[in-house]
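Please look at the sequence and the 3D structure below.

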Amino acid sequence: MKIERELMRGAGPAAVLRLLAPAERYGYELVQILEKQSDGVLAMGQSTLYPLLYNLEAKGLIASRVETADNGRDRKYYRLTGRGKRQLVRYRKQWEQLTIAMGKLGVLGA
Amino acid sequence: MPDNTLSKIRQTLQGDIVLTRNTGRLNWRRVIDKASLDELAKAVIKKVVRKTRLWRIERYDVARELVVHFLDARDADVSTERAIERFGDVRQAAKLIRRAKVRNRSSLWHAMRFTGRIVAVLIVLYVILAIRFVIGQPDVKVDYVARINASIKAVPLDQRAWPLYRDAMVAMGFNESEPDALVYHVLKALEGTGKSGMSRAGATKWLRDNAPHLEQVRKASQRPSLGFVLGDSGSMRDGQLFGSIASSPAPPVMAGVIKSELLPHLNHFSTLKWVIVEDARLALEDTDPDRFERNVTSLFRMSEQLRHADDFLISGMVACGLRSAAIAEVGNALQARPEKLSSAMLGRLEKQISNARLASDLFTFQTERFLFMDVIQRLYTDDGNGDGRLTARGLEGLQTMFARGSDNRDIRTSLLDSSIAFVGGPVVMVGGASRREMTDAFNAYIDAMEQRLKYPLRDAKRSAIEQKIDTWQKSPTMMIRYSILVNLSVTMSNIQRSAERVLAKGEGVEVGIALELYKRDHGSYPASADLLVPKYLKELPADRVDGAALRYPRIDGKPIVYSVGEDRDDDTGRAPPNNGNPIPWKAGLRDNKDKPVDGDWILYPTPTDAP
């Protein structure tokens, strides 16, 4: 199901921060996990993901480093910063409250 | 495309350059070309990176990451077409990547970008204002010279005094182009300063030889109106009298501040005044009191003619000078040769002295309003609603006007430089008051000044607008904004003081006349000035400084009439010392630093130096 852009705009950052919480990851890896773990709902192309990552980095929520892999590729890895962790906690609370509110309104269905 | 050295340097990190290693590491195209991707993928990556328009190092970073992403996709058995499809819109991607990367730049860069945008906006605004300033044209709609001339020309020719004055002046050798004319030597000789090549006897002979012309002057003073027509086709076009000024282009009214161009006759009246004064003195020596009286009366009448001629303040100032000279001669004659002045004559002279009591009797600002409006219409545009903005053309005209006559060509040239106008114009245009603001402030100021002139100086209160102008004089920005009005106010603030001095001197001489008449009737001066009222004086004049009655003591048996002076300290009639020189009639007021001097202001008679 294609999610509308406005909803993705709100969900995307939270999803990426959540995926970076346990470990650092690289771009393609994030694309794969987002698609797989959300059953395709939060699938996003590079044109969306990389700008999102750069934005999160500009806000100081994530940080990056480049590592040369065994195959010679200079892969950029992203990790959550302390500020990012705190933001993730805020996102989580907001999403919980939003979900409860939508449920009460009947938006989430029976 | 192979890298040349310069290209390689441009794509090398600065650190490498410092270490003299020209690595060309930032060549993002090479990163993409070297990747083992098919050409379609490379093309997409190149397109995205190019469209980001980021810095070289940022593009390098993005290119490297996107290459790795496509390689990872290939490793996951995703076809190039599928990877490209999943990439998304190239343009949108480039735009979003750019936005995010720019956001990630340093605070300093963002501050500089913000400042740069502000500066760019200001520059654009400045250029727009400069263009508006340069292309703006003043709209000169009103011919104020014609307006002033309307009342002058309405007087029949045979009632205008100027033709008679003019003929007498020419006959006596007054000529603007001859500053060394004989009449000036005559006056210097009669002054006794020793700066003339003429003897006193020679000067006296000159006066007698010119008696018919002086009689013509006296006859001219009897006419009701001066009749000097201003402007291009007016009385100034008289080469015989005004020399080179007669053939100069006629200036607009605003050049009236430079009286020699629009009012060239005023200088001649100032000279004529002294000729009449000297002839009045000679008349007393000749025991011709009738001629003395006619000379003094002609000075009073000339003063009235000039005052009502065109209502310029400068004409009023010259008129005041004539009146002051007349009063001084009466006072001097009363002191030195009272026996030559009959009581009837003194009565007539007293009437002429007493016909002015307030500054508003001596000055009016009507033509100053015209002068100002002429300046405004030549400086500003006119939007039809009484408002407008300053123009380069207008300022150029104003600068030309005031630079005219300057010997410094460089100053004139720089003032008129249009490039300076373009650069400085917007500041002047925005910083200066609008047409409406300037006009409103000026009208408020003139209204207040006209009201003030109706009161003695001691009772005149500074109006709100005058207080405002006082604060403007202390503020550089307000000085620029209202410079025309602030400069004008400095001149005008002295008008009332000048009038007060003439009026006070007149009152002093009036009391002197009354004392003389009393003495003739009673054999001695009165014990107190109250005894002069009402037969010899309608009322005792008040001291123009402190409002008390003028003081009238007797010193060495002779009465003096004095004011306490601007130090407001009663020195019992002691004038400020002047090292044995004649005391100027303004003594007792202020020094050349505008501070009140210590001493009283002797109004009658002319004082000698205090012991």
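## Helices α11 and α12 of chain B

V186(B), A189(B) and L190(B) in α11(B) meet R200(B), G202(B), A203(B) and W206(B) in α12(B). Two residues are in contact if their C-beta atoms, placed from the backbone, lie within 7 Å. By class, this contact of α11(B) with α12(B) has 5 nonpolar, 1 polar and 1 charged residues. Ala, Val, Leu, Ile, Met, Phe, Trp, Tyr, Cys and Pro count as nonpolar, Asp, Glu, Lys and Arg as charged, and the others, Gly among them, as polar.

The axes of α11 (residues 182-191) and α12 (residues 200-209) of chain B come within 8 Å and cross at roughly 125°. α11(B) is therefore oblique to α12(B). Angles under 35 degrees count as roughly parallel, over 145 as roughly antiparallel, 65 to 115 as roughly perpendicular and the rest as oblique. Axes are lines fitted to C-alpha atoms, for helices over the stretch in contact, and angles run from 0 to 180 degrees between N-to-C directions. α11(B) passes α12(B) in a left-handed crossing; a crossing is left-handed if the near helix is turned anticlockwise from the far one by less than a right angle, and right-handed if clockwise.

## Model and numbering

This is a predicted model, in which local features need pLDDT of at least 70, side-chain atom pairs count only at pLDDT 80 or more, and totals for chains, interfaces and linings use all residues. Residues are numbered from 1 along each chain as its sequence is written, while chains are lettered from A and ligands numbered from 1 in the order in which they are written. Helices (H or I, at least four residues) and strands (E, at least two) are DSSP runs, numbered from the N terminus.

## Helices α4 and α7 of chain B

α4 (residues 39-52) of chain B packs against α7(B) at an angle of about 45°, with the axes 8 Å apart. That makes α4(B) oblique to α7(B). The crossing of α4(B) and α7(B) is right-handed. Among the residues in this contact are V44(B) and K47(B) of α4(B) and V90(B) and I97(B) of α7(B). The contact of α4(B) with α7(B) divides into 6 nonpolar, 1 polar and 5 charged residues.

## Chain A

In chain A, the axes of α1 (residues 5-20) and α4 (residues 82-105) come within 10 Å and cross at roughly 125°. α1(A) and α4(A) are therefore oblique to each other, and their crossing is left-handed. On the α1(A) side, the contact is made by A14(A), L17(A) and R18(A).

Strands β2 (residues 62-68) and β3 (residues 74-80) of chain A run antiparallel and are joined by 7 bridges. Strands pair if DSSP finds at least two bridges between them. A63(A) stands opposite R79(A) in β3(A). β2(A) and β3(A) form a hairpin with 5 residues between them, and G72(A) in the turn has a positive phi of about 85°.

## Where the chains meet

The contact between the chains takes 21 residues from chain B and 16 residues from chain A. On the chain B side, α5 (56-75), α6 (80-87) and α7 (90-103) each supply at least two residues. The residues of that side divide into 9 nonpolar, 4 polar and 8 charged.

## Confidence

The model scores ipTM 0.88 and pTM 0.72. The mean pLDDT of chain B is 84, and 85% of its residues reach 70 or more; pLDDT is the predictor's confidence in each residue, from 0 to 100. Within chain B, confidence is highest in α13 (residues 211-221), at a mean of 97, and lowest in α22 (residues 409-415), at 46.

Over residues 405-416 of chain B, pLDDT stays under 50. Where pLDDT is low, the predicted coordinates should not be read in detail.
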